[in-house]
Amino acid sequence: MDHSHAPVLDALEEFRRRGDIAYGPPGHKQGRGVDPRVADVVGLDVFRSDVLTLNGLDDRRESQGVLSRAQELMADAVGAEQAFFSTCGSSLSVRTAMLAVAGPGEKLLLSRNAHKSVIAAVVVNGVEPIWVHPKFDSERHLAHPPEPDDVRRRLEEHPDAKGMLLITPTNWGTCADIRGVADVCHSFDVPLIVDEAWGAHLPFHPDLPAWGIDAGADLVVTSVHKMGGAIEQSSVFHLQYDRVSPDVLKQREDLLGTTSASSLVYATLDGWRRQMVEHGRDLLDGALRRAYRVREAVAGTSGLRLMDREVVEAGLAAELDPLKIVIDVQDLGISGMQAAEWLRTECQVDVGGSDTFRINASITHADDDDTEKVLVDALRKLVDGAGSIERQPAVHLPPPRSLELEQARLPREAFFGEAEQVASKDAVGRIAAETISPYPPGVPVVAPGEVINSEVVDYLRSGADHGMLLPDAADPSAKTFRVVARGR
């Protein structure tokens with residue numbers, strides 16, 4: 001296929017060249033009605049390019065097939081049989097993918113280190129989750145993806161499960177053995193869905209970890225805004241084989257997706273695909289060289305501990321994305337959350353994620369000499385300035401087994417059922433009626449329907465006191481918990 005074309009971008013350029021006057025949405029009329037104070041901040045061109053797909057870029061009565069051609073090019077670029085764009089981010093795309101495989105009341109295997117969007121999907125879709133617990137790294141207090149044998153055991157226990165959802169890479173860059181998990185799933189004749197939100201760049205360079213389609217997954221969801229070059233909320237479904245019907249997938253997407261899709265998302269997805277096909281190898285070569293230099297700088301800085309390929313060599317993960325720079329700051333006497341706040345306040349550097357122990361930073365094809373230097377200099381300043389950071393109450397980390405909570409009620413039933421708010425001490429032994437996800441990375445510690453234990457309560461209470469964000473909890477201070485009402 002001719003990848004020099006970008007059908008959505010070309011259609012958008014033609015729309016602007018013609019100077020069409022639209023008498024339907026969006027109401028700002030391609031920027032004519034925008035407050036100049038808004039345009040000064042976000043740019044008038046954003047509004048000039050905000051066009052309806054229907055009767056704008058593409059007319060259903062005389063369809064030019066703009067979007068379908070762009071999706072065909074995307075599929076060809078990454079080796080998928082089909083690709084579908086989504087403008088609602090991978091949070092919604094993952095829900096759609098799950099619903100395309102398992103319906104209400106049906107079983108679906110899920111990695112328990114999933115993002116909160118997966119838990120939301122379980123609640124909304126009404127599927128019965130069969131949790132596959134991740135491989136827990138006790139030294140780093142970190143969850144890595146589950147292994148093929150873990151998946152096999154759960155499928156043997158639940159032969160009526162409709163498929164498996166695997167999360168890889170994690171927010172910390174550790175990757176699953178996708179090929180091994182796919183082989184296990186296919187031996188049971190069920191599809192493997194891969195939530196590869198952090199892996200949009202993986203198809204475009206041989207020195208990066210294997211990506212889902214190449215490794216045999218049936219359906220792969222990527223967030224191109226995370227490690228690629230499209231704007232926020234850009235997501236793509238990649239599909240192959242016949243275990244997931246493309247017609248069913250499109251129907252489920254139509255059920256959950258917006259009817260006012262953003263041309264800005266479509267256009268940037270289209271342009272990013274062209275850029276990667278034409279220049280991706282060289283751009284990612286540069287990003288990898290830059291990441292290795294940053295890694296060397298971190299490894300040579302006293303007080304910082306770099307997570308590197310030792311996690312692969314120890315058998316804790318199948319692969320590691322080198323573009324994810326994961327740094328343990330415990331030796332500085334501070335938490336990763338404190339480090340992140342200090343870097344933002346003192347250096348105007350925003351890291352990608354933080355937790356009790358560490359911070360991470362993503363290097364992409366967009367970084368240059370200036371951003372590389374800013375990051376390395378900021379990390380060195382952090383080492384020098386850590387002594388001035390006020391110490392906070394310690395976070396009480398639970399042992400790994402305490403995080404594997406008993407599923408006593410289906411998440412949907414617990415979430416929508418009658419509930420009450422109780423003091424944290426009274427929540428122990430009660431069934432959660434809410435999701436509680438320290439953020440970032442947004443992996444729930446508690447999901448609806450799980451039995452809350454004392455170790456988790458202590459962890460969340462001490463974490464909140466330390467400054468941990470719990471944005472989805474009914475009480476972000478974790479002084480009270482929302483639980484299923486007694487007798488329900």
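Select F204 first. This residue is buried, with a relative accessible area of 10%. The model on your screen is predicted. F204 and W272 form an aromatic pair of the edge-to-face kind. Their rings are 5.4 Å apart, centre to centre, with 90° between the planes. F204 lies in the loop between β8 (192-195) and β9 (219-223), and W272 lies in helix α11, so the pair ties together parts that are 68 residues apart in sequence. W272 counts as buried because its relative accessibility is 3%, and the cut-off for buried is under 20%.

**Another ring pair**

How many aromatic pairs does the count come to? It comes to three. For another of these pairs, select F85 and Y266. They form a tilted aromatic pair, 6.1 Å centre to centre, with 40° between the planes. F85 sits in strand β1 (residues 82-86), while Y266 belongs to helix α11 (residues 263-299). The pair links distant parts of the chain, 181 residues apart. Are these two residues buried or exposed? F85 is buried, at 5% relative accessibility. Y266 is buried too, with a relative accessible area of 9%.

**Charges over rings**

The charged end of K324 sits over the ring of W198, 3.4 Å from the ring centre. Next, find W172. R358 lies over the face of W172, at 5.5 Å from the ring centre.

A339 lies in helix α13 (residues 336-347). At 0% relative accessibility, A339 counts as buried. What is A339 in contact with, leaving aside its neighbours within four places in sequence? Select V329, I334, I359 and L382 to see these contacts.

**Helix α8**

Select residues 178-187, which make up helix α8. Seven of its 10 residues are buried, so the helix is largely enclosed by the rest of the structure. Highlight the buried ones: I178, G180, V181, A182, V184, C185 and H186. Now show what surrounds them. The buried residues of α8 pack against α7 (148-157), β6 (164-167) and β8. Step past the end of the helix to D189. D189 follows α8 and has a positive phi, near 60°.

**Cysteines**

C185 leads to the next stop. How many disulfides does the structure hold? It holds zero. C175 is in no disulfide, and the nearest cysteine sulfur, that of C185, is 17 Å away. C175 is buried, at 4% relative accessibility. Jump to C347 as well. C347 counts as buried, at 15% relative accessibility.

Finish with helix α1 (residues 7-18) and helix α4 (residues 66-78). Two packed helices are described by the angle between their axes and the distance between the axes. Here the axes come within 8 Å and cross at roughly 145°. Which residues meet? On the α1 side, select P7, V8 and A11. On the α4 side, select V66, R69, A70 and L73. The residues of this contact divide into six nonpolar, no polar and one charged.

Methods:
Residues numbered from 1 in each chain as written. Predicted model: local features only at pLDDT ≥ 70, side-chain atom pairs only at ≥ 80, totals over all residues. Heavy atoms only, no water. Axes fitted to C-alpha atoms, helices over the stretch in contact; angles between N-to-C directions. Helix = DSSP H or I, 4+ residues; strand = E, 2+ residues; numbered from the N terminus. Contact = heavy atoms within 4.5 Å. Nonpolar A, V, L, I, M, F, W, Y, C, P; charged D, E, K, R; others polar. Phe/Tyr/Trp six-rings, centres within 6.5 Å; stacked < 30°, edge-to-face > 60°. Buried < 20%, exposed > 50% of the residue type's maximum accessible area, 1.4 Å probe, protein only. Lys NZ or Arg CZ within 6 Å of the ring centre and 35° of its normal. Disulfide = S-S within 2.5 Å.
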